[in-house]
Amino acid sequence: MFLHFFFSFIATAAFGVLFQAPKRTLAMCGLVGAIGWCIYKYLGTNLEYSSFYANFAATVALSVFAELFARVAKEPATIFIATGVIPLVPGLGLYKGMNMIIGSNYDQGVTILITAATDSMAIALGVMMVASILRVLHVRKLKKLI
C-alpha cells in the first residue's frame with residue numbers, strides 16, 4: 001500500500017504542476033490524490049467492492065479532504081479536486097474498450113466501456129454530493145447569521 005500511496009502522490013502532484021496549481025498547494029494536491037487512490041485500491045482489492053462503489057467512496061473521501069485543504073490553503077477546492085481525481089479516471093478502461101471494438105470484439109468492448117462510464121459517473125456523483133452537502137451547510141450557516 002505504501003507504493004500505491006507514493007506513486008499516486010507523485011502523479012497527482014505532477015498533474016498539479018501541469019495544471020499550474022500554486023506551488024505551496026502541490027503537497028496537499030498530492031495528498032488528496034494519494035488518499036483517494038489508496039481508498040479505491042483498498043475497497044476494490046481487499047474488500048472486493050465493485051469499481052463503481054470503490055470509485056464513489058474514494059471520490060467522496062478525496063472531495064472532503066479537498067474541501068478541507070481548500071479552507072486551510074485559502075484556495076478554491078477545484079485545484080485539489082481536479083488533480084485528486086486524476087488517479088481514479090478510468091482512462092485504461094476507455095482505451096481497452098475502444099481497442100476491443102476496433103478489433104471487432106464488440107461484446108467485450110462495450111462491457112468495458114460501460115464499466116468505464118459507470119466509474120466516471122461514480123466520480124462525478126462523489127464530487128457533486130460533497131459539494132452539494134457543503135453548499136447546503138454553508139447556506140444554512142449564513143441564514144442563522146441573518
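Ser63 touches Gly126, Val127 and Val130, residues up to four places away in sequence being left out; contact means heavy atoms within 4.5 Å. The model is predicted, so local features need pLDDT of at least 70 and side-chain atom pairs count only at pLDDT 80 or more, while totals for chains, interfaces and linings use all residues. Residues are numbered from 1 along each chain as its sequence is written, and side-chain values use heavy atoms, with hydrogens and water left out.

**Ser63**
- Ser63 counts as buried because its relative accessibility is 1% (buried is under 20% relative accessible area, exposed over 50%, partly exposed in between, with a 1.4 Å probe and protein chains only).
- A polar atom of the Ser63 side chain lies 2.8 Å from the backbone oxygen of Thr59.

**Aromatic rings**
- The structure holds eight aromatic pairs (rings of Phe, Tyr and Trp, the last by its six-membered ring, with centres within 6.5 Å; planes under 30 degrees apart are stacked, over 60 edge-to-face and the rest tilted).
- One of these pairs is formed by Phe15 and Phe19, which are tilted at 5.8 Å centre to centre with 55° between the planes.
- Phe15 is partly exposed at 29% relative accessibility, and Phe19 is partly exposed at 42%.
- Phe2, Phe6 and Phe7 are linked into a cluster by ring pairs.

**Cysteines**
- Zero disulfides are found in the whole structure (a disulfide is a pair of cysteine sulfur atoms within 2.5 Å).
- Cys29 is in no disulfide, and the nearest cysteine sulfur, that of Cys38, is 16 Å away.
- Cys29 is buried, with a relative accessible area of 0%; Cys38 is buried, with 12%.

How values were computed
A polar contact is a pair of N or O atoms within 3.5 Å; within protein, one must be able to donate a hydrogen and the other to accept it, and residues adjacent in sequence count only if both atoms are side-chain atoms.
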